[in-house]
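I opened my notebook to see what I could look up in this one. Here are my entries, in the order I made them.

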Amino acid sequence: MRRTIVILAALGYFGASLLLVAGFGYLWHRTDPAPEQPIAFPHTVHAGNLRMPCTFCHVFAELSRHAGAPPVQKCMDCHRAIATDREEIRKLTRHYEEKRPIEWKRVYAVPDFIYFSHKRHLRAGLECSTCHGDVAGMKRVRRVSNLVMGWCVSCHRARKAPLDCPTCHK
Amino acid sequence: MNRRSFLRFLGWISGSTVMTACGKRDSRPKLTSYLLPPEEGIVPGEARYLPTTCTECPAGCGGLAKLREGRPVKLEGIPGHPVSDGGLCVRGQSSLYRLYHPERLRSPMVRNGGKHQRMTWEKAFSLAAEALKESRERGHRNFFLSGRTTGTLSALIDTFCGRLGILRLPEFEVYAHSAVKEANGLLFGKRDVPHYRIEEADFLLTVGADILETHVTPVAYTRKISRAKSRGDFLWFHVEPHFSLTGANADRRFAVAPGGERYLLAFLLREVVEKRASKSRPPREFMDVFPPSPAEEVSRSAGIPVEALREIGDRLVAAKRPLVIVGGVSAAHQGGLEAAVSAALMQWATGAIPERVDFARSENYRSVGTFRDVEELSARMGRGEAGVVFLLRTNPVFSLPQRFAFRENLKKAKLSVGMGDFLDETLREADLVLPLSHSLESWGDAEPRRGVVSLLQPMLPPLHDTLSDGDALLGLLRKASGEGPAGSYKNHLFEAWGKRLGDSGRSKLLEQGYVEATPPGKAIPPNWKKAASVLKDTGPAGEVAKPVLVLASSLRTFDGRSRSLPLLSEIPDPLTTITYGPWISVTPDMAKRSGLEDGDEVTIASSDWKVVLPVKVQPYLPEGVFVVHRDALESPPVRMQARTGEPVEYIEGVSFAKTGRQAALPILSGSFSQQGRGIIPDPAHLDESRRHKRWTLYPEHEHKDYRWGMAIDLDLCNGCSACVAACHVENNVPAAGKADHLKGREMSWLRIEPFYEKGEVEFLPMLCQHCDNAPCETVCPVFAAYHNPEGLNVQVYARCVGTRYCSNNCPYKVRRFNWRQHGWPEPQRLMLNPDVNAREVGVMEKCTFCIQRIRAAKDKAKDESRKVRDGEFTTACAQSCPTGALVFGNLLDAESRVSRLARSGRAYRVFESIGTEPSIHYLRGKHPGRKT
Amino acid sequence: MTDPEKYARADEDILKAMEKPGRAYLLGLGVTASLAVGGGLLWAYQIRNGLGVAGYTHPVNWAVYITNFVFWVGIAHSGTLISAVLYLFHARYRTSFNRPAEAMTVFALMVAGLFPLIHLGRSWVFYYLIPYPTERQLWVNFRSPLIWDVFAVGTYFTVSAVFFYVGMIPDLAIARRRREGIRKTIYAVLSLGWRGTGRQWRHYNMLYLFLASFATPLVASVHSVVSWDFAMSLLPGWHTTIFAPYFVAGAIFSGTAMVITLVVPMRKTFNLYRYITDDHFESIAKILLLTSLIVSYAYVIEFGLAWYSGNIFETELFRYRALGHYKVFFWIMVACNSIIPLTLFAMRLRRNIPYLLIVSLLVNVGMWLERFVIIVSSLSRDYDPYAWNALIYRPTYVEVGITLGAFGMFFMLYLLFVKTLPLLSISEIKEHL
């Protein structure tokens with residue numbers, strides 16, 4: 001009897017460690033802190049309160065493989081006049097006047113050898129929040145998906161999208 | 001161990017395992033926003049195509065530049081362009097390497113002592129202006145020498161020289177076609193090379209003119225030959241003293257003694273005028289003076305057997321629309337003028353002018369001078385007459401013989417200003433070096449032949465501190481004259497175009513990259529007196545002392561100007577498959593007699609000159625002839641034809657001695673013989689192989705919408721290797737370098753295999769066959785090689801572990817392994833195609849049928865909710881092919897070009913008996929309908 | 001001498017080998033260890049700079065490393081033959097070679113298993129070859145012979161290691177009994193509390209029989225699978241059905257030779273003449289001769305098939321193999337593998353131990369060259385003549401160093417084994433005393 005308990009305890013210990021490590025690996029990205037951006041742009045205000053559609057700023061998401069960040073002029077279209085007293089807006093205006101594009105810190109990055117087309121995914125009917133999460137509720141954008149190959153493959157499998165390797169591998 | 005220490009141990013292990021997961025996370029990639037939104041029509045991540053003109057050689061083919069992220073990553077031909085009609089040769093494809101070459105000149109420099117010092121353009125202009133002023137005051141002469149320049153730039157140079165008191169010399173080109181020009185000038189009053197409409201001919205006789213390699217406008221000629229072949233009644237004979245790629249592709253090739261072409265052509269002229277039924281006959285005065293050419297005598301002088309003479313003569317007489325073209329090595333000898341005159345008279349006598357020999361659309365070589373002109377320049381500089389000498393995009397120090405003493409005499413000029421893009425032999429001697437922008441960075445135009453204006457426009461801002469040719473001249477003009485046209489060269493051009501073409505013409509030029517005016521041609525009777533004066537003594541002159549060293553033009557480097565492009569050394573010479581390093585071709589008999597093997601070094605010497613080169617045995621090379629490409633020799637001791645100034649492109653009576661050493665010569669081919677394996681089968685065997693049914697255990701592949709395949713017409717392929725260069729640039733295939741080539745580690749995905757058999761050379765483009773039952777797919781342990789639902793054999797680089805079993809199992813050996821990490825020295829990294837992964841070390845790669853293009857085409861089609869249409873896109877190799885031999889498309893579509901070709905009676909597949917079921921069908925045997 | 005005395009003397013004689021090492025031993029250990037470490041450093045250099053540092057010339061993509069792989073896997077087979085197959089045949093003479101042969105198997109497999117990693121272009125992603133459920137939802141290609149290798153060699157190593165260890169348990173108990181201090185503890189742990197009761201002996205024999213039966217088919221199957229690395233391709237000279245029996249026979253041939261190479265000096269050094277007699281060697285020599293004849297037969301058949309088929313790809317390759325760039329290696333191979341072993345028909349020579357040692361060394365050389373010739377010549381001359389290798393493949397110092405390192409590692413492990421574990425199967429020898 002005692003032997004059984006000891007054996008079970010040992011197995012339990014190792015099993016628990018294994019689960020811990022696996023869990024770490026799988027959910028590590030959720031602990032990924034949202035990076036601090038050169039300008040503290042709050043999606044909560046723009047996509048949340050003002051309910052601006054994603055493609056209003058991220059114009060190329062529907063037209064190109066890259067969604068990209070909006071050009072500085074797009075921001076200035078409104079912020080030429082709106083909230084010009086805020087420090088962040090002043091930072092933005094300085095960028096525009098000094099002709100310096102803003103260097104955002106990437107939150108979502110696929111490796112160089114992967115071809116990912118935003119256009120195809122949007123035209124397939126996917127919502128931006130499917131992969132990017134509830135951005136409208138994020139003061140600072142953080143990564144909600146781990147972007148590993150299996151994550152892409154499982155969605156492709158579920159939605160009967162092409163599973164052919166060169167679909168994504170350049 | 002007790003419990004406590006065990007638990008401690010366990011804790012250590014668990015803790016350290018978890019700790020390994022820690023790491024820095026501040027090193028994130030950046031996402032840079034635009035400042036302003038991109039212009040209308042520009043979508044980031046999508047390619048943009050803008051037309052321009054290739055300037056790698058004087059032909060002036062139109063090139064469409066593919067721009068990604070604001071820089072050109074690929075050049076292709078412009079379909080419908082009056083010169084190239086969609087093709088682009090191996091040099092044109094490689095010219096992108098010139099733009100991004102790490103050794104390009106980056107800023108103006110002045111020579112101080114032995115070294116070059118950088119300076120600003122302002123200072124450079126001041127320096128030159130000062131020198132011009134001084135030279136004017138001292139009464140020196142100033143000279144301007146450039147390579148062939150056409151269009152608005154030529155007019156600007158005239159203005160430049162006129163305003164500043166500079167003598168503009170005739171342009172310098174090694175291949176100036178002086179003999180042909182002189183002949184045409186004498187006979188028809190047109191000192192130019194006419195436009196040859198080969199596509200209209202039913203019998204083409206080329207004597208020496210290497211129309212597939214460098215002669216005037218090779219891409220255009222190649223396209224014309226394909227078009228002529230498709231008509232079905234085309235026959236092409238080629239006569240040459242050596243063995244060239246052009247000769248290898250003609251229907252029949254005849255060897256002639258070096259210098260003997262004049263006798264052959266005189267004989268043929270007599271045959272034509274005597275036997276052809278024609279309204280145009282030469283006048284009596286001419287026929288009385290024209291010496292007879294009895295066949296036996298001509299056979300002896302020309303070194304051609306009598307039967308061959310009769311055959312060529314008969315064909316020429318019987319053909320309805322014959323065309324005779326002489327040029328290249330066959331016009332570049334002491335009897336060159338006579339040869340050219342005979343050929344021109346034959347053109348007239350066969351009614352070729354103006355249908356097939358069009359002077360109205362001539363190739364714009366009028367302002368190109370001869371070697372005599374440069375000799376004179378050199379002499380004048382030597383006498384101390386020169387003040388400021390301008391050298392624009394020309395390399396006389398490399399190309400001229402030593403006895404012209406150009407290098408020494410250039411030093412005597414008060415100030416030599418070299419304008420170019422590399423520190424080549426000439427610019428190294430220049431006092432002031434002005435770096436010029438690449439044609440892809442400049443505004444400009446070219447007139448490759450009369451009536452055609454071809455656009456040059458910048459694809460990106462200059463990478464270095466360079467100016468375009470026009471801007472440099474304008475800046476200098478403004479500085480030196482104190483006044484002058486304001487504005488940039490771009491404004492100047494737009495104005496000039498507006499004046500010449502009108503507003504609509506200018507818009508058309510900017511949109512499609514070319515405009516063509518069609519001046520009418522007319523028949524011109526020859527000047528018989530002058531003809532007689534040239535031809536009256538075609539008596540047997542002294543024979544050329546054998547052995548002869550023939551200086552051939554190089555397909556890969558033209559006259560040597562493209563030597564600096566690494567890709568052109570990486571791609572093998574099609575006849576010998578040699579990549580890096582010069583060589584000398586010798587006949588098999590000579591090699592056997594002297595006990596020579598490929599790579600043995602020999603010393604070749606004439607009276608005052610010698611060179612040491614490794615040997616390559618060249619089958620089918622006529623006896624007594626050695627061949628060297630011109631780019632292998634610096635300042636070859638060529639003599640000059642007195643009357644025309646044409647250089648004699650061979651050196652007579654050379655001596656030949658082994659040095660006993662072996663040079664490392666990278667020869668890529670393992671065997672020039674098919675070894676009886678039917679890789680290019682005898683057409684008689686074709687039916688047999690098609691009847692052979694195979695039993696297989698492999699299940700049939702299911703293809704839904706597309707099944708990609710290719711058809712390659714071996715009758716059209718001439719081995720020019722443009723496809724190879726296109727593939728390299730499109731797919732980021734690295735240039736491996738000489739050391740790797742010596743170990744057989746070339747990276748090229750597509751190769752041209754020359755097979756020598758029964759007096760003929762056949763070229764087989766070999767690339768991944770995308771077999772249905774691919775032997776590579778079953779043996780890859782990790783599924784890096786697998787078959788996709790569209791019939792492609794896909795290589796997934798991220799998955800490859802590098803066991804190399806796939807390459808072992810490939811019977812075609814088309815898979816290339818990355819034995820080391822290939823680098824892309826700055827700024828070549830900008831040239832990489834962002835749609836294609838640049839592979840890392842340890843990964844296998846191979847032809848993908850340009851899957852990035854397939855993906856892009858399907859993407860576009862899906863946007864429009866349709867399927868991809870036949871001809872909507874094609875692979876890089878098929879697109880660049882000037883002959884149109886490669887055809888790519890969807891085999892599931894029964895009406896597509898590739899399907900129809902694959903079903904034709906000429907189609908076969910290589911190594912069909914192994915059962916690999918390739919998707920590439922080769923077409924063997926003469927083009928359909930060719931009766932001869 | 002009474003039985004117990006004989007047994008006690010057997011224990012002592014055999015365990016005496018585990019005493020303090022002499023100078024010669026330490027020198028040998030030093031040399032082999034340095035070779036092994038040197039090989040390891042060269043491997044690191046190769047990973048850093050890519051496989052280009054080796055002498056590969058396209059299309060010779062496989063050369064020295066795969067030769068080494070097949071060579072070492074082949075050697076392992078003989079050990080299993082002697083310990084498992086001969087056990088099933090109740091061959092009494094096996095008992096004196098039993099333990100060294102099994103040790104040779106295990107160590108040869110350890111060395112062999114490194115070579116697939118060494119020859120990978122991207123060794124750092126070797127785990128792509130292991131069939132486990134990945135997040136990428138990708139499995140390995142079970143149709144590829146290289147994956148069969150993973151299973152075959154993996155299984156073989158596991159079974160051989162277990163067999164080796166289990167068979168050693170009673171001997172480890174003897175060592176436990178006769179040693180003191182820390183060594184006693186180690187042997188105690190390793191012998192798993194063996195008490196030598198009747199019940200335990202019964203279980204031991206059942207397990208031993210089971211493992212021997214399990215290992216026996218592996219002798220034929222594993223090297224057949226390894227030979228299919230070649231036979232499943234389409235290259236002339238590789239794609240032939242004779243490869244499986246040919247390679248298995250060759251494996252036993254080279255392994256037997258390696259056993260002789262190991263045991264002859266071992267017998268002399270540790271004075272084991274009482275337990276390893278000339279009769280034993282004669283039996284092993286007969287196995288050597290038999291397998292040499294099978295291998296010679298295979299050579300003849302290969303050439304015969306090529307000639308009879310008239311297939312120009314095959315005929316050209318075999319002409320090249322015998323008369324082409326590598327003909328020196330080919331003829332050395334024939335001399336060492338086919339001609340010299342024929343002398344073993346003479347009984348006097350079979351019982352001449354120094355002669356056997358020389359023959360075994362020559363056979364090892366010949367068998368290494370056989371794999372080399374097969375691999376390199378077939379790759380150099382296959383279907384498309386353009387791709388024929390105009391250059392002769394020459395190994396670079398990296399490949400030579402790693403090969404020597406492999407030999408170093410093997411002999412180092414063997415030397416360590418000799419000093420730490422009972423080097424003969426004491427219990428089984430005692431059975432037949």
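I noted that the model is a predicted one.

Next I looked up the strands around that pair. Strand S19 of chain B covers residues 452–456 and pairs with S20(B) in the antiparallel sense, over three bridges. The open sheet they belong to has three strands, in the order S18-S19-S20, and the pairing is antiparallel. I then checked the edges: S18 (444–446) and S20 (514–516) of chain B each have a single partner strand, so one side of each is left without a neighbour in the sheet. On average, neighbouring strands of this sheet are turned by 20° against each other, direction ignored.

**Where chain A meets chain B**

How many residues does each chain put into the contact? I got 41 from chain A and 38 from chain B. The area buried between the two chains came out at about 3600 Å², and carbon and sulfur atoms give 57% of that.

I looked at the one where the side chains of A:Arg123 and B:Asp863 meet, at 3.1 Å, N to O. For polar contacts between the chains, I wrote down 20 residue pairs. Elements giving two or more residues to chain A's side include helix H1 (2–27) and strand S1 (103–105) of chain A.

My last entry is about that strand. S1(A) runs antiparallel to strand S1 of chain B (residues 30–32), joined by three bridges. There, A:Trp104 has B:Leu31 as its bridge partner.

Terms used: Residues numbered from 1 in each chain as written. Chains lettered and ligands numbered in written order. Predicted model: local features only at pLDDT ≥ 70, side-chain atom pairs only at ≥ 80, totals over all residues. Heavy atoms only, no water. Pairing = 2+ DSSP bridges. Helix = DSSP H or I, 4+ residues; strand = E, 2+ residues; numbered from the N terminus. Axes fitted to C-alpha atoms, helices over the stretch in contact; angles between N-to-C directions. Contact = heavy atoms within 4.5 Å. Buried area = accessible area lost by both parts, 1.4 Å probe. Salt bridge = Lys/Arg side-chain N within 4 Å of Asp/Glu carboxyl O. Polar contact = N/O pair within 3.5 Å; in protein donor to acceptor, adjacent residues only side chain to side chain.
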